[in-house]
Amino acid sequence: MFIDKVKIFIKAGNGGNGCTSFYTEKYVANGGPDGGDGGKGGSIIFCADESKNSLTDFRYSQRFRAADGENGTGKFCHGKSGENLIIKVPRGTVIRDEATGRIIADMFGDKDMVTVLEGGLGGRGNARFKSSRRQAPHFSQRGQVTEEFAVILELMTIADVGLVGYPNVGKSTLLSVITNARPKIANYHFTTLSPNLGVVSYYDRSFVVADIPGLIEGASEGVGLGHDFLRHIDRTRLLVHVIDVSGCEGRDPYEDYKKINLELKSYGTKLSKLPQIIALNKCDIAPEENIKEFRRRVRGKKIVEISGITHRGTDTLVAEIIKKLDELPPLEPLEYEPFDFGKINTSEYSIERYDDGSFGVCGGFIEEVARGIVLNDYDSFNYFQKTLKEKGIIKELKARGAQDGDIVRILDFEFEFVE
């Protein structure tokens with residue numbers, strides 16, 4: 001089953017906790033704190049893999065979590081960092097933030113690697129809190145706890161040329177003739193249920209062709225299969241518009257041409273502005289009047305008469321494609337402003353006053369300091385108060401009108417303000 005768009009959940013590893021430990025050994029008095037730091041959590045890294053061609057691997061596995069960092073131990077032993085989780089995706093996959101729809105990364109090149117989420121920092125052990133006035137700190141710091149995020153993986157095929165046209169006009173047959181691809185071919189509508197890729201080798205030249213499932217009228221509004229797969233020709237440099245000029249399906253070739261171009265325009269991207277080569281297929285069974293009428297009504301376009309079944313004109317078509325590709329700029333990644341989940345700013349905080357007269361202090365600085373709070377430990381609580389004072393938070397609370405007895409909420413804790 002071909003899958004080209006999935007939603008998955010990713011979470012970097014939590015940081016390991018710092019250790020509260022004291023050095024003890026026979027005949028050694030007052031050994032002091034020796035708690036080690038916790039290890040850093042593993043990061044989430046995406047890697048482009050050219051050997052993959054769909055997102056089928058994510059059909060049943062939708063939650064990905066990197067390893068947590070290990071806790072620190074005594075004797076200044078630091079915890080081991082969590083192992084990074086590398087998620088392999090097909091080349092051409094676009095990673096989007098599910099909440100905003102913004103692009104995080106475009107996995108354009110083979111082996112491209114992008115770190116999407118950084119692992120949580122490990123907590124500091126109690127040895128880190130030793131000072132001249134605090135000889136035996138009985139507290140350490142907890143590791144950072146990371147959040148889970150939802151991202152959308154969207155496969156956009158990387159090909160030089162895209163084959164477009166109504167169902168059953170012979171695109172798959174043409175692809176099988178000019179490339180090494182072997183798509184399923186039959187004489188009924190919507191034979192192709194997923195994009196097929198093939199490489200054309202012509203003397204010392206080669207290029208990639210994508211056969212996009214048949215478009216129909218209304219595809220840009222979600223009718224049929226075309227809307228689901230139009231994204232796969234967003235990257236192409238050139239379109240080959242395959243037309244069944246024989247009219248054996250009971251449709252008018254010129255009307256087919258107009259309707260498909262209208263759908264490309266309605267899709268709302270650069271597709272309608274891409275250069276086109278028109279391949280009039282099934283010329284072996286087409287009345288000569290049909291070919292002449294189409295040429296009369298479509299002027300100023302490059303038109304090649306072919307037959308996928310008899311291979312008539314296919315070499316000419318390939319030569320024209322190469323000639324046109326030589327005039328066009330090479331394939332490039334999407335242009336976008338990368339979205340970053342970002343790191344918590346551990347220097348910022350904010351103070352709010354609520355309707356009940358209480359105050360709330362929040363922000364990255366508070367979350368960072370709170371990782372080292374042990375409320376029932378005298379040294380830990382004093383360290384917390386000293387840090388708030390040095391940061392200017394106590395002074396700012398006074399300036400905002402805080403008085404003795406007022407409630408101050410910091411994360412999940414409540415305190416009475418005392419001057």
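I take contact to mean heavy atoms within 4.5 Å.

**Basis of the entries**

I am working with a predicted model, in which local features need pLDDT of at least 70, side-chain atom pairs count only at pLDDT 80 or more, and totals for chains, interfaces and linings use all residues. Residues are numbered from 1 along each chain as its sequence is written, and side-chain values use heavy atoms, with hydrogens and water left out.

**Entry 1: Asp 379**

I looked up Asp 379 and found it in helix H7 (residues 378-391). Helices (H or I, at least four residues) and strands (E, at least two) are DSSP runs, numbered from the N terminus. Leaving aside neighbours within four places in sequence, I list Arg 134, Ala 136, Pro 137 and Phe 139 as the residues in contact with Asp 379. Arg 134 is 245 residues away along the chain, yet the two C-alpha atoms are separated by 7.7 Å. Asp 379 counts as partly exposed because its relative accessibility is 24%.

**Entry 2: the whole chain**

I noted eight helices and 18 strands in the chain. Of its 419 residues, 48% are buried. Among the contacts with a separation of 6 or more, 71% come from residues 24 or more positions apart.

**Entry 3: Thr 314**

I next looked up Thr 314, which lies in helix H5 (residues 314-327). Thr 314 has 6% relative accessibility and therefore counts as buried. Beyond four places in sequence, Thr 314 is in contact with Leu 174, Val 177, Ile 178, Ile 306 and Ser 307.

**Entry 4: helix H3**

I checked the length of helix H3 (residues 253-266). The expected span of a helix is 1.5 Å times one less than its number of residues. The 14 residues of H3 should therefore span 20 Å, and the end C-alpha atoms are 20 Å apart, which agrees. I list Pro 253, Tyr 254, Asp 256, Tyr 257, Ile 260, Glu 263 and Leu 264 as the buried residues of H3. Their cover includes strand E12 (238-244), strand E13 (276-281) and helix H4 (288-297). An α-helix has 3.6 residues a turn, so residues three or four places apart point the same way.

Two strands pair if DSSP finds at least two bridges between them. I found an open sheet of four strands in the order E15-E16-E17-E18, with mixed pairing. Strand E15 (350-353) and strand E18 (413-416) are at the edges with a single partner strand each, so one side of each has no neighbour in the sheet. E15 and strand E16 (residues 359-362) run antiparallel and are joined by four bridges. Across them, Glu 352 stands opposite Gly 360, and Ser 350 stands opposite Cys 362. E15 and E16 form a hairpin with five residues between them, and Gly 357 in the turn has a positive phi of about 90°.

**Entry 5: a sheet of three strands**

I found another open sheet in the order E4-E2-E7, also with mixed pairing. Its edge strands are strand E4 (85-90) and strand E7 (113-117), each pairing on one side only. Strand E2 (residues 44-49) runs parallel to E4, and six bridges join them. Cys 47 has Lys 88 in E4 as its bridge partner.

**Entry 6: aromatic rings**

I searched the whole structure and found nine aromatic pairs. Phe 339 and Phe 341 form an edge-to-face pair, 5.3 Å centre to centre with 85° between the planes. Rings of Phe, Tyr and Trp (its six-membered ring) pair if their centres lie within 6.5 Å; planes under 30 degrees apart count as stacked, over 60 as edge-to-face and the rest as tilted. Both Phe 339 and Phe 341 are buried. Ring pairs link these two residues and Phe 149 into a cluster.

Notes
Buried < 20%, exposed > 50% of the residue type's maximum accessible area, 1.4 Å probe, protein only.
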